[in-house]
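Me: I've got a model open and want to talk through its packing. Can you take a look with me?

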Amino acid sequence: MVAADSEGPNDRGVRQADLGLLVHWCVLPFRVLLVLTSHRGIQMYESDGSVMVYWHALDSGDASPVQAVFARGIASSGHFICVGTWSGRVLVFDIPAKGPNIVLSEELAAHPTSVTDIASEPAQGQDCVADMVTADDSGLLCIWRSGPEFKLSTQIPGFGVPCTSVQLWQGTIAAGYGNGQVRLYEASTGTLHIQINAHARAICALDLAPDVGKLLTAAEDTFVHIWKLSRSSESGYIEATLLL
């Protein structure tokens, strides 16, 4: 059992999910860590949850008294763990093969509003491949190449609607939005492949089965849909077929 810091604002209009109270298994090449976020900080545990190996307190900085402070969005890339924050910054932690000597190695500052989600996929040793995407409350997507120093590869502008969830699959970004749309983009160029009016209300979460190319979408309209993703042999674009 892992004890998380659950004390937080009592604002009736704020849900726990909005404050970034998240739990995520981060599978690194040499170890697995359990990462928890709250409005106070970021906790990292060994894979069995028995030992907390790292704690990072969130600095409210210039936040106003009515502004929520939180971490939201967790992903691992190589031997790094990335966590988004309320300020729009993405914290990059360098994880050793063992032990608690975790270091905050970098802060990525490309988002003007709070980070909503982060997704990554293995780059398979190709330095030119964009292997991480971050999203924010304005709908902006930032695509990164991970490494000793993360490099911003491409930005996909928002259109006034929050991007609530993102996934990466074979170099394709699947992005879910607050208006119920799902958009598929080419990660390397930011080119829009397809726009789907998937739900009647805001999308809450996306998930991917990468081996079979199936995308799951869940939304506030109470529906869950499953989509089959495939690449058109004619256009080379990714297509989505509704299965459920």
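**Rings and cores**

Me: How many aromatic pairs does the structure hold?
Reply: This is a predicted model, and the structure holds 3 aromatic pairs. One of them is Tyr54 with Phe93: the ring centres are 5.5 Å apart and the planes sit at 65 degrees, so the pair is edge-to-face.

Me: Where in the chain are Tyr54 and Phe93?
Reply: They link distant parts of the chain, with Tyr54 in strand S4 and Phe93 in strand S7, 39 residues apart.

Me: And are those two buried or exposed?
Reply: Tyr54 has a relative accessible area of 15%, so it counts as buried. Phe93 is at 0% relative accessibility and is buried as well.

Me: OK, what about Phe159 and Tyr177, which kind of pair is that?
Reply: That pair is tilted, because the planes are at 50 degrees, with the ring centres 4.9 Å apart. Phe159 is in the loop between strand S12 (151-156) and strand S13 (163-169), while Tyr177 is in strand S14 (residues 172-177), 18 residues apart.

Me: What does the charged end of Arg183 sit over?
Reply: The ring of Phe159, 3.9 Å from its centre. The charged end of Arg183 also sits over the ring of Tyr177, at 6.0 Å from its centre.

Me: Switching to the cores. Which residues of the largest nonpolar core touch the most other members?
Reply: Leu33, Ile42, Met44, Ile81, Phe93, Ile95 and Ile102, out of 20 residues in that core. The elements giving two or more residues to it are strands S2 (32-37), S3 (41-46), S4 (52-57), S5 (71-77), S6 (80-85) and S7 (89-94).

Me: What does Ile81 touch?
Reply: Leaving out residues up to four places away in sequence, Ile81 touches residues including Leu33, Val35, Met44, Ile74, Leu91, Phe93 and Ile95. There's also a second, separate core of 16 residues, with Val133, Cys163, Leu168 and Tyr185 among them.

Me: Last one: what's the mean pLDDT of the chain, and where does pLDDT stay under 50?
Reply: The mean is 87, and 86% of the residues reach 70 or more. Over residues 6-18 pLDDT stays under 50, and the model has 11 contacts beyond four places in sequence for that stretch.

Key. Residues are numbered from 1 along each chain as its sequence is written. This is a predicted model: local features need pLDDT of at least 70, side-chain atom pairs count only at pLDDT 80 or more; totals for chains, interfaces and linings use all residues. Side-chain values use heavy atoms; hydrogens and water are left out. A nonpolar core is a set of buried Ala, Val, Leu, Ile, Met, Phe, Trp, Tyr and Cys residues joined through side-chain atoms within 4.5 Å. Buried means under 20% relative accessible area, exposed over 50%, partly exposed in between (1.4 Å probe, protein chains only). Helices (H or I, at least four residues) and strands (E, at least two) are DSSP runs, numbered from the N terminus. Contact means heavy atoms within 4.5 Å. Rings of Phe, Tyr and Trp (its six-membered ring) pair if their centres lie within 6.5 Å; planes under 30 degrees apart count as stacked, over 60 as edge-to-face and the rest as tilted. A charge sits over a ring if NZ of Lys or CZ of Arg is within 6 Å of the ring centre and within 35 degrees of the ring normal. pLDDT is the predictor's confidence in each residue, from 0 to 100.
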